[in-house]
Amino acid sequence: MKIVTIKNPGGFENVILSEIDNVVNPKPKEVLVRWHATSLNFHDYLVANGSIPVADGRIPMSDGAGEVITVGSDVTQWKTGDKVMSLFFPNWLEGKVSMAKTRVISGESFQGYAVEQSLIDENSITTIPEGFTFAEAATLPCAALTAWRGLFVEGNLQPGESVLIEGTGGMSIFALQLAKAAGAKVYATTSSQEKAERLKSMGTEAVVNYKEDPKWGKTLFKMTGGIDHVLDVGGGATMQQSIEAVAIGGHITSIGILGGRKGEITFPKLFFKHIRLTGIAVGSKAMQNDMIKAINQSDWRPIIDKSFGLSELAHAFSYQETGKHFGKIVVEY
Ligand SMILES: NC(=O)c1ccc[n+]([C@@H]2O[C@H](COP(=O)([O-])OP(=O)(O)OC[C@H]3O[C@@H](n4cnc5c(N)ncnc54)[C@H](OP(=O)(O)O)[C@@H]3O)[C@@H](O)[C@H]2O)c1
């Protein structure tokens, strides 16, 4: 079977495809899965380019979707032929977050899913949404779950409220789709005129170009009177403008660092605007199951920008690096 591993010290030239023997014989509580697709997240990109150091030979990619081939003797939750998807945190099944539950990360400190087959604990997978292809399902465990948690678990988003998404990467486009499906009004930023048109065609109320208007947060506040939920993905480059954009008493979810790990913010704005600021890293299996239930009640599908083969994973990362994509990049095998 085909497997991709990261050779130290990382870098796209060290994303190595090889052939190994098929996996056999799950332990009693394990499931053997034939993975068919993964999707690229910024986190996977940082693993592949060596910015996040991993053990030599680590299988990358935190997202996986595939089919159960065989199950161990004590497995109760799955049977041959079930369609399943991975968890970003294989040990955070439910309840409050803890270091112990989130120490292990798929594709980083734990083997990822850029492999045709692997054994996995029966608890560390969920079902996929009804009717979804493997490629569609493989877009969900990191990016969609983060958007879901930011909007609904931490934000308690209500119909009619406003949401700001930043840029048109995978997480942000899921936030747009989930928020629209929940009856929210969505605003967006992007650096591209072409992507702005696409955002409008998906029902965003207004789009601001963050490159042409560096004070886009102030612009959006003036335009809307303040946005109820802001999903910040730029970190150092965007948090100050996210604080400007958010409504009095609004909620900002700190999600990403696309524009840098550090930056200055005006603290009095935080308290005089009564802002709630929540930092999140993906979510639990229980949250993933809740998200799947909600997806099963709605009719939107993930936006897949481009699909690559497993042998093209390094090319897929190079494409991600250009920032040309809108939504998700997937790899199918
Ligand atoms: N905390 C978590 O649990 C979690 C989970 C998922 C993702 N993330 C983080 O969220 C961020 C996005 O992840 P992703 O996988 O969705 O990435 P992605 O698909 O690679 O997103 C890339 C897009 O982000 C936009 N962008 C880049 N720099 C920007 C900036 N300074 N301001 C606004 N938008 C900017 C660009 O959109 P335009 O081309 O439209 O300008 C770009 O195309 C990353 O930092 C990632 O680490 C965090």
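User: How much space lies in the largest cavity here?

Analyst: Rolling a probe the size of a water molecule over the atoms shows where empty space is left. In this predicted model, the largest cavity holds about 30 Å³ of space. A cavity is a set of points, on a 1 Å grid over the protein atoms alone, where a 1.4 Å probe fits but cannot get out. The volume is the space filled by probe spheres set on the points, which are joined across faces, edges and corners. By this rule there is one cavity of 30 Å³ or more.

User: Which residues line the largest cavity?

Analyst: Lining residues have an atom within 4 Å of a point. Here they are Gly170, Ile173, Phe174, Gln177, Pro302, Ile303, Gly327 and Lys328. Helix 5 gives the largest share, four residues. By class, the lining has four nonpolar, three polar and one charged residues. Ala, Val, Leu, Ile, Met, Phe, Trp, Tyr, Cys and Pro count as nonpolar, Asp, Glu, Lys and Arg as charged, and the others, Gly among them, as polar.

User: And what lines the largest pocket?

Analyst: A pocket is an open set of points with protein on both sides within 12 Å along at least five of seven lines. The largest pocket has about 1200 Å³ of space and a lining of 46 residues, with Phe42, Val233, Gly256, Ile257 and Leu258 nearest its centre. Helix 1 (42-48) and helix 11 (313-322) are among the elements that each supply at least two lining residues, and helix 1 has the largest share, four residues. The lining divides into 21 nonpolar, 19 polar and six charged residues.

User: At what angle do helix 4 and helix 5 pack?

Analyst: Two packed helices are described by the angle between their axes and the distance between the axes. Helix 4 (residues 140-153) and helix 5 (residues 170-181) pack at about 50°, with axes 8 Å apart. Helices (H or I, at least four residues) and strands (E, at least two) are DSSP runs, numbered from the N terminus. Axes are lines fitted to C-alpha atoms, for helices over the stretch in contact, and angles run from 0 to 180 degrees between N-to-C directions. Angles under 35 degrees count as roughly parallel, over 145 as roughly antiparallel, 65 to 115 as roughly perpendicular and the rest as oblique. Helix 4 and helix 5 are therefore oblique to each other. Their contact (heavy atoms within 4.5 Å) includes Leu140 and Trp148 of helix 4 and Phe174 of helix 5. By class it has twelve nonpolar, two polar and no charged residues.

User: How do helix 4 and helix 10 cross?

Analyst: The axes of helix 4 and helix 10 (residues 285-296) come within 10 Å and cross at roughly 85°. The two helices are therefore roughly perpendicular to each other. Leu140 and Trp148 of helix 4 are among the residues making this contact, and so are Met287 and Asp290 of helix 10. Ten of the contact residues are nonpolar, one polar and two charged.

User: Where is the cis peptide bond?

Analyst: It joins asparagine 8 and proline 9, with omega about 10°. Proline 9 sits in the loop between strand 1 (2-6) and strand 2 (15-19).

User: What should I know about numbering and cut-offs?

Analyst: Residues are numbered from 1 along each chain as its sequence is written. Local features need pLDDT of at least 70 and side-chain atom pairs count only at pLDDT 80 or more, while totals for chains, interfaces and linings use all residues, and side-chain values use heavy atoms, leaving out hydrogens and water.
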